[in-house]
Amino acid sequence: MSLVEPASQTGQESQGSRASQRLKAELQQKLQYRAEQNLLRQVLQRCGPCQPDSLFGDGQKRVNFCSNDYLGLASHPDVIRAMQVAAEQYGVGSGASHLVTGHCRVHDELAEALADFCGRQKAMLFSTGYMANVGVINALTNPGAPIFQDALNHASLLDGGWLSRGDSRRFAHRDTKDLEAMLIRHHCDSRALIITDGVFSMDGDLAPLPEQVALADKYQATLIVDDAHGIGCLGDTGAGTLSHFGLSASDVPVLVGTLGKSLGTAGAFVAGDEVLIDYLTQFARTHIYTTAMPPPLAAATIAALACLRSETWRQQRLQSLVMRFQQDVANLGLNILPSQTPVQAIVLGEADRAVKASEYLREQGVQVSAIRPPTVPADSARLRVTFSAAHTDEHYERLLDALASLPDDLRG
Ligand SMILES: *Cc1c(COP(=O)(O)O)cnc(C)c1O
């Protein structure tokens, strides 16, 4: 016998279903509104590995310029093999959270390798970058303590701020004066946070980290940098945006990195000194109350990091593609934002135009995403091209030819 009475016998059915009808109508209306504005997001199915020559769900092959697999490690044979071997050894799932029995030797090996790579005392793992950001901000703030974020920070940082019950504010993008004015206006306590992306994910530009380090020092705030797109791409050894600027661990005490971009796997880490990491292990709820990363994924990431460090040609290849593209696209008369990173944005303006341009490029055999509001500010819809060390000269030419042939009304 069921423990729950059927709804019809309690007289709840009609009310419940009226409410759900209303909700459904409201949801449909919102979907309709997005569709009318050309803002509806669609899932694009891909078949096979993440690589430049990709086969998509429509049965067509196109050159992929949308992935964050900047170094081409997502399907590197060493990385795949490491995952297979570890799956034989550990099985697939970790079976529990880190603080119960899910934490394996291979997790420690990965955390140590990441700390060493970033020049930090210690690192800890998270299942995703989103969770790392939410967890770190929540653990490091107090209710009401000021949190200053760049207006274009990644959604996971902004959400982390809103969820933390801290006093979240956004300063104008890369605007050090605006940040300082906020620091003066809102007295800092010892838990004040300044939070920024190292490389901005939609524009590809860099945070003014040296100036922000100086401000954090002057106003006694803690600087947190999320270097999801900098790690593997910037700095002499690929150590990221901090290394690019010659900044030390004491300049930026909290460093967040993700594993799903240039490392080609999935997950994230936070690196810092021993006290910080020991503290976060106790207080970062998104680390504590979730299943530990699958051990084979940790093993694959160790292999990916080894490739990143030994195959230095990958970073060089990426840099040369980026520099060529900046020059070539400017020569085509398109509005390309200055960027020395694999994230390259060609601003076209209206959402509709960006969508049509992306469709046009798709017909030419290149996959480039249209990025529209609300991901980017109104009237700055764009094509977002991302490069990978795995792109050959032929892939590159294919993209450039397609861009050169963009019809006038789609050029912005
Ligand atoms: C991709 C990204 C994240 C999220 O990382 P996931 O591991 O994909 O959840 C966080 N911050 C920035 C800046 C990113 O680009």
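Tutor: A cavity here is a set of grid points where a 1.4 Å probe fits but cannot get out, and a residue lines it if one of its atoms lies within 4 Å of a point. The model is predicted. Searching the whole structure gives one cavity of 30 Å³ or more. The largest cavity holds about 60 Å³ of space. Its lining consists of C50, Q51, P52, N64, S67, D69, S388 and H391. By class, that lining has two nonpolar, five polar and one charged residues. Asp counts as charged, so D69 is the charged member.

Next, the open space. The largest pocket contains about 1,500 Å³. It is lined by 47 residues, and those closest to its centre are R41, S369, A370, I371 and R372. Elements giving two or more residues to this lining are β3 (61–64), α7 (155–163), α15 (351–363) and β13 (369–371). Of these, α15 provides the largest share, with four residues. The pocket lining divides into 22 nonpolar, 13 polar and twelve charged residues.

Helix packing can be read from two numbers. Two packed helices are described by the angle between their axes and the distance between the axes. For α3 (residues 77–90) and α13 (residues 295–310), the angle is about 150° and the axes are 8 Å apart. Angles over 145 degrees count as roughly antiparallel, and α3 and α13 are therefore roughly antiparallel to each other. The crossing of α3 past α13 is right-handed. On the α3 side the contact uses D78, V79, A82, M83, A86, A87 and Y90, and on the α13 side P295, P296, L297, A299, A300, A303, A304 and C307. This contact has 14 nonpolar residues, no polar ones and one charged.

A second pair is α6 (residues 129–140) with α11 (residues 274–283), packed at about 100° with axes 10 Å apart. An angle of 65 to 115 degrees counts as roughly perpendicular, and α6 and α11 are therefore roughly perpendicular to each other. V136, A139 and L140 of α6 meet L276, Y279, L280 and F283 of α11. Here the residues are seven nonpolar, with no polar and no charged.

To return to your request: the lining of the largest cavity has five polar residues, whereas the contact of α3 with α13 has no polar ones.

Notes:
Residues numbered from 1 in each chain as written. Predicted model: local features only at pLDDT ≥ 70, side-chain atom pairs only at ≥ 80, totals over all residues. Heavy atoms only, no water. Axes fitted to C-alpha atoms, helices over the stretch in contact; angles between N-to-C directions. Parallel < 35°, antiparallel > 145°, perpendicular 65-115°, else oblique. Left-handed = near helix turned anticlockwise from the far one by under 90°. Contact = heavy atoms within 4.5 Å. 1 Å grid on protein atoms, 1.4 Å probe; cavity = no way out; pocket = protein on both sides within 12 Å on 5 of 7 lines; lining within 4 Å. Points joined across faces, edges and corners; volume = space filled by probe spheres on them.
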